[in-house]
Amino acid sequence: MRIDIIAVFPEMFEGPFTESIIKRAVNKGIVEIGLHNLRDYTTDKHHKVDDYSFAAGAGMVMMIEPVDNCISQLKSQRDYDEVIYMSPDGELLDQPLCNQLSMKENIIILCGHYKGIDERIREHLITKEISIGNYVLSGGELGAAVLVDSLVRLIPGALGDETSALSDSFQDGLVSPPVYTRPRNYKGWEVPEVLLSGNDKLINDWRLEQAIERTKVRRPEMYENFKKS
Ligand code: SAH
């Protein structure tokens, strides 16, 4: 998979993309990430990427030209399955959407800033808009980092068996059961007896029961769907 990210502050990705699973996936060649500084695509001598809104006093808006230049240049190099804009009013990111996007070959992610981007970019250049939640961030970079992390860990080979994505919350329509590690007894706080039984069937039954119970309490709407399936 190739992911090209267009941003005003591409340095913000340095932390999230240079550690742990994403770093390993990049090193293994499972994913290729291109970072593009929008300021490199402006014809303005001060590298300006924003301008005043036509609605006076409404704040600064990201201009269409640098975004169009950058997207055009990327598209001249390869075909893209999606051109995504990170937006608070976009489709809410959830596990089914992550699964779907993780199967794409090439995607572009545009990070907004200021008051947002010129609407014509959304109308003519963007194919999908994604929100990471019903709250407003200062810029799209943090949202894009969340999106990329959630996609990369789903690409086969990104995770080792011990952290397999298939057993994570939401993959089977349930949240995860609780997990424990040594010591068996810490200050009198015990690990559930069944996990020490060595009986795989009993342990698996217990884990499923716990997952169902947790889902019922923490995600009632998900539990209703699980019951129906
Ligand atoms: N005025 C806009 C918010 C702009 S916030 C509005 O009220 O809708 C600046 C940028 O941060 C946006 O362009 C977007 O790229 C990003 N952003 C903010 N909140 C986000 C969210 N919940 N999910 C994804 N991106 C978000």
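**Entry 1: ground rules.** I number residues from 1 along each chain as its sequence is written, and I use heavy atoms for side-chain values, with hydrogens and water left out. Because the model is predicted, local features need pLDDT of at least 70 and side-chain atom pairs count only at pLDDT 80 or more, while totals for chains, interfaces and linings use all residues. Helices (H or I, at least four residues) and strands (E, at least two) are DSSP runs, numbered from the N terminus.

**Entry 2: the sheet.** I looked up the strand order first. Five strands form an open sheet, ordered β2-β1-β6-β5-β7, with parallel pairing. Two strands count as paired if DSSP finds at least two bridges between them. On average, neighbouring strands here are turned by 30° against each other, direction ignored. Axes are lines fitted to C-alpha atoms, for helices over the stretch in contact, and angles run from 0 to 180 degrees between N-to-C directions.

**Entry 3: pairs inside the sheet.** Strand β1 (residues 2–7) runs parallel to β6 and is joined to it by five bridges. In this pair I find Asp4 opposite Ile108 of β6. β5 pairs with strand β6 (residues 106–110) in the parallel sense over four bridges, and Glu82 stands opposite Ile107 in β6. On to β7: strand β7 (residues 128–131) pairs with β5 in the parallel sense over five bridges, and Tyr85 faces Glu129 of β7.

I also noted the connection between two of these strands. β5, α4 and β6 make a right-handed β-α-β unit. Right-handed means that, with the strands pointing away from the viewer, the path from the first strand over the helix to the second runs clockwise.

**Entry 4: Ser87.** Is Ser87 buried or exposed? Ser87, in strand β5 (residues 82–92), has 5% relative accessibility and counts as buried. The classes are buried under 20% relative accessible area, exposed over 50% and partly exposed in between (1.4 Å probe, protein chains only). Leaving out residues up to four places away in sequence, Ser87 touches Arg122, Ile130 and Ser131; contact means heavy atoms within 4.5 Å.

**Entry 5: helices on the sheet.** Helix α3 (residues 64–77) lies across β1, β2, β5 and β6, at about 165° to β1. Helix α6 lies across β1, β2, β5, β6 and β7, and runs at about 110° to β5.

**Entry 6: helix on helix.** Helix α4 (residues 95–102) packs against helix α6 (residues 140–152) at an angle of about 70°, the axes being 9 Å apart. This makes α4 roughly perpendicular to α6. The scale is under 35 degrees for roughly parallel, over 145 for roughly antiparallel, 65 to 115 for roughly perpendicular, and oblique for the rest. Cys98, Leu101 and Ser102 of α4 make the contact with Leu147, Ser150 and Leu151 of α6.

What about α7 and α8? The axes of helix α7 (residues 200–218) and helix α8 (residues 220–228) come within 5 Å and cross at roughly 130°. The two helices are therefore oblique to each other. From α7, Ile212, Thr215, Lys216, Val217 and Arg218 meet Pro220, Met222, Tyr223 and Phe226 of α8.

**Entry 7: Gly173.** I find Gly173 in the loop between α6 and β8 (185–186). Gly173 has 25% relative accessibility and counts as partly exposed. Beyond four places away in sequence, Gly173 touches Thr215, Met222 and Phe226. Gly173 and Lys227 are 54 residues apart in sequence and 9.7 Å apart in space, C-alpha to C-alpha.

Entry 8: Most residues other than glycine have a negative phi, and most peptide bonds are trans. Arg182 and Pro183 are joined by a cis peptide bond, with omega about 0°; Pro183 lies in the loop between α6 and β8. Phi of His47 has a positive value, near 60°. His47 sits in the loop between β2 and β3 (50–52) and, at 40% relative accessibility, is partly exposed. Lys187 also has a positive phi, near 50°. Lys187 lies in the loop between β8 and β9 (189–190) and is exposed at 63% relative accessible area.
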